[in-house]
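Please look over the model shown here before reading the report. The text is meant to be read beside it.

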Amino acid sequence: MLNKATLKKVLGELPLTAELYWYLRQGGEPPVGGYRQEQLREALPAWLDQAQSVERKASQPKRVLLFSMLKYWLEHSTLMGLALTSLGHDVTMTYLPYAHWKKPIPRFDLRRQDLYIRNTLAPVQSRMQVVSLLDAELADTIPAELDAKMEAAAFRDTQYSLLREDVERDSELYRLRLKRNRTHARVMLAWMQCNRPDVVIIPNGSILEFGITYLVARYLGIPVMTVEFGEQSERMWLAQNADVMRQDTAELWDAVRDDALSDDEWERVKAFFSVRQGGGLWENFARRWQKTPSQGAESVRRELGLDSRPIVLLPTNVLGDSLTLGRQLFSNSMTEWLQRTIEYFVKRKDVQLVIKTHPGEQLGWGPAVYDILGQMFPQLPENVRLLPAGAKVNAYDLVNIADLGLVFTTTLGMEMAMSGLPVIVTGQTHYRGKGFTLDPDSWDAFFEILARVLENPREHIPSRKQVESAWTYAYRFFFEYPQPYPWHVQYFWDDVEKWSLEQALSEKGMSLFGDTFDYLTGKSIQWKK
């Protein structure tokens, strides 16, 4: 007798079996292990009415391709697509019905989930084309230039899935990601070549099938917009023909680096960082950067048992974050950089190293940097302090007692420069190379700069001009790099209550978000307002 898994595998390949089961036995529900879209189903009639009532004519109508998958991105992409159709563009939303990216899903279940999504989105077909890619045509082969990137993409997906950097290429997860990525590359190649859009819009652009869609669009020379969301409501990160998770601010900085901040802008950025350092919420930022109020520099020095020797502060990143993965320059990974840096300080008894692990690790499911380093160094010497993610220590108190900062990509490195500390940046982060940090590009350069600064930290304090430049850059990064947009993916349904489609496309809404909708469809971002 066939077991359930084998039966699903057999049925998944037979025509109409999933369809008959879904209609006759499943009652129109998603399969067990799939996901529901009841909020989307209930919202669609109102969205469609509003989309029709606020139609506008685009000065340059575009054929727009959206790609989406996973419950939250599918909801978000549907509303974005309807907004773009109302603005006069011809939109096609393609999707995959996957509910998971880390484990295989029986094809029988995939087909049933696909039927459920198609049924949910059927009303949308009156406004834009919706296409499932589950059974889409495949390109015969993947060009060598593109195929050469598949293994690196699968490796990064595996790191992201496990929240760790030291992953195995012969693991089941790696093989699953490689297979799915190669299949998706063939699907997108065939689809874009037969239905070439003017612009492609995708979430993230770094990981999973989102990243593969980005790579295919770039290979074909099709303009591609990647979007993500940070800690601000009514703002999105948007990159044109680039991976948004790289947070490439070069064009922004080139446009405004010589523009001094106004008095009002100075007051705003100072107020923002004052609240940030104190652990409060500010304006449209939804995250508290510190849960521990400031106790004062000398208090934290006593609490950690630090003496008069120079103090080096090393704040870590979250392992597996797509803002961290693949950002190494001369190390093989952030973990390797941490290991070799600690080994250096183990021998430097004349200096104290404080490693502050990222508080975000308390929310993750993978191994913490604290645990990994604890395994590597079960007995650290007295001059090296390793603080867990939940340590009741305000990071900015540590900044105030530090003589030098060492960072991989964390934004705290920029803030240390703003506080007048010399900062050595060892990963590809957005503020590296902006003129206010020390930026080695090899192991030799890193250790040479580190030794030189430790010899006399005060000689390497950034100049007043550099500190002002760091503050100016911080203002541009936090307040001008994110683009205004009404619907944050994390707070999507709350934002829809605040900004209905009709309101977002009203005169008031377009005065706020109109430029961003234009940027999404290919108009070059104007950084100099």
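This is a predicted model: local features need pLDDT of at least 70, side-chain atom pairs count only at pLDDT 80 or more; totals for chains, interfaces and linings use all residues.

Residues are numbered from 1 along each chain as its sequence is written, and side-chain values use heavy atoms, with hydrogens and water left out.

**The sheet**

Five strands form an open, parallel sheet in the order β9-β8-β7-β10-β11. Strands (E, at least two residues) and helices (H or I, at least four) are DSSP runs numbered from the N terminus; two strands pair if DSSP finds at least two bridges between them. β9 (384-387) and β11 (423-425) are at the edges with a single partner strand each, so one side of each has no neighbour in the sheet. From one strand to the next the twist averages 15°; axes are lines fitted to C-alpha atoms, for helices over the stretch in contact, and angles run from 0 to 180 degrees between N-to-C directions.

| Strand pair | Bridges | Facing residues |
|---|---|---|
| β7 and β8 | five | L314 and I355 |
| β8 and β9 | four | L353 and V384 |
| β10 and β11 | three | L406 and I424 |

Strand β8 (residues 352-356) is largely enclosed by the rest of the structure, because five of its five residues are buried, that is, under 20% relative accessible area, where over 50% is exposed and in between is partly exposed (1.4 Å probe, protein chains only). Q352, V354 and K356 cover one face of β8, and L353 and I355 lie on the other. Between β7 and β8 the chain passes through helix α13 (residues 334-346) in a right-handed β-α-β crossover; right-handed means that, with the strands pointing away from the viewer, the path from the first strand over the helix to the second runs clockwise.

Helix α17 (residues 443-455) lies across β7 (311-315), β10 and β11, at about 160° to β10.

**The cores**

A nonpolar core is a set of buried Ala, Val, Leu, Ile, Met, Phe, Trp, Tyr and Cys residues joined through side-chain atoms within 4.5 Å. The largest has 138 residues, and F517 and L520 are among those that touch the most other members. A second, separate core of 30 residues includes L338, I342, F408 and L454.

F517 lies in helix α21 (residues 507-520) and counts as buried at 1% relative accessibility. Its contacts (heavy atoms within 4.5 Å) beyond four places in sequence include A83, L87 and W487. F517 and A83 are 434 residues apart in sequence but 8.7 Å apart in space, C-alpha to C-alpha.
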